[in-house]
Structures are given as C-alpha cells and as structure tokens.
Amino acid sequence: MDAFTAGILQRIESTRFDLDQARRTGDEFLAEVEQAALDDLHRLAAEHGVHVAAA
C-alpha cells in the first residue's frame, strides 16, 4: 500500500470516528461538518481508485 492510500484510509477512519462522536454527543453542526468531510474523502478516494470498505 502506498503512502497516499494509507493516508486517505487513515483520514477516513479518523473522520468516521469524529462523526460518530459528534452524533453521540448531539452536536448536529459538527456532525454535518464531519459528514461533508467524509463525503469529500470518499470522493477523493474514488477518483484515485482507492477502495474504501463499508463501515
């Protein structure tokens, strides 16, 4: 696995965790921000052929 792939997968994992935390604490604004970031990371991964496992 190259550095780009490892980095994007780590960022996705971290953002998923942050999104779950925001949802658990009821922070709707932060959840929206994290969801948007996650969507962008998934788009970036797809554009570069990085397979992301479903959570």
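Exposed means a relative accessible area over 50%, buried means under 20%, and partly exposed lies in between. The exercises below apply these cut-offs to a predicted model.

**Exercise 1. State how many helices and strands the protein chain has, and describe its overall dimensions.**

Solution. 
- Step 1: the protein chain contains two helices and zero strands.
- Step 2: along the principal axes, its C-alpha atoms fill a box of roughly 35 × 15 × 15 Å.
- Step 3: the chain has 55 residues, and 24% of them count as buried.
- Step 4: among contacts with a separation of 6 or more, 57% are between residues 24 or more positions apart.

**Exercise 2. Work out which residues of α2 are buried, and how they are arranged around the helix axis.**

Solution. 
- Step 1: the buried residues of α2 are Ala31, Glu34, Leu38, Leu41 and Ala45.
- Step 2: viewed down the axis of α2, these residues fall within an arc of 85°, so they line one face of the helix.
- Step 3: the general rule is that an α-helix has 3.6 residues a turn, so residues three or four places apart point the same way.
- Step 4: on the other side of α2, the exposed residues are Glu28, Phe29, Glu32, Ala46 and Glu47.

**Exercise 3. Identify what covers the buried residues of each helix.**

Solution. 
- Step 1: the cover over the buried residues of α2 includes α1, residues 3-25.
- Step 2: in α1, the buried residues are Thr5, Ile8, Ile12, Thr15, Leu19 and Ala22.
- Step 3: the cover over these α1 residues includes α2.
- Step 4: Arg23, which lies in α1, touches Ala31 and Gln35, leaving aside residues up to four places away in sequence.
- Step 5: Arg23 and Glu34 are eleven residues apart in sequence, and their C-alpha atoms are 9.9 Å apart.

**Exercise 4. Find the salt bridge and classify the accessibility of its two residues.**

Solution. 
- Step 1: the structure holds one salt bridge.
- Step 2: this bridge joins the side chains of Arg43 and Glu47, at 3.1 Å from N to O.
- Step 3: Arg43 and Glu47 are four residues apart in helix α2, so about one helical turn separates them.
- Step 4: Arg43 has 43% relative accessibility and therefore counts as partly exposed.
- Step 5: Glu47 has a relative accessible area of 52%, so Glu47 is exposed.

**Exercise 5. Locate the nonpolar surface patch and classify Phe29 as buried or exposed.**

Solution. 
- Step 1: the nonpolar patch on the surface is formed by Phe29, Leu30 and Val33. Together they have about 280 Å² of accessible area.
- Step 2: Phe29 belongs to helix α2, residues 28-47.
- Step 3: the relative accessibility of Phe29 is 62%, so Phe29 counts as exposed.

Conventions:
Residues numbered from 1 in each chain as written. Predicted model: local features only at pLDDT ≥ 70, side-chain atom pairs only at ≥ 80, totals over all residues. Heavy atoms only, no water. Patch = residues over 30% accessible without salt bridge, like charges linked within 9 Å, V, L, I, M, F, W, Y side chains within 5 Å. Areas by Shrake-Rupley, 256 points an atom, 1.4 Å probe, with all protein chains shown as cover. Salt bridge = Lys/Arg side-chain N within 4 Å of Asp/Glu carboxyl O. Buried < 20%, exposed > 50% of the residue type's maximum accessible area, 1.4 Å probe, protein only. Arc of directions from axis to C-beta. Contact = heavy atoms within 4.5 Å.
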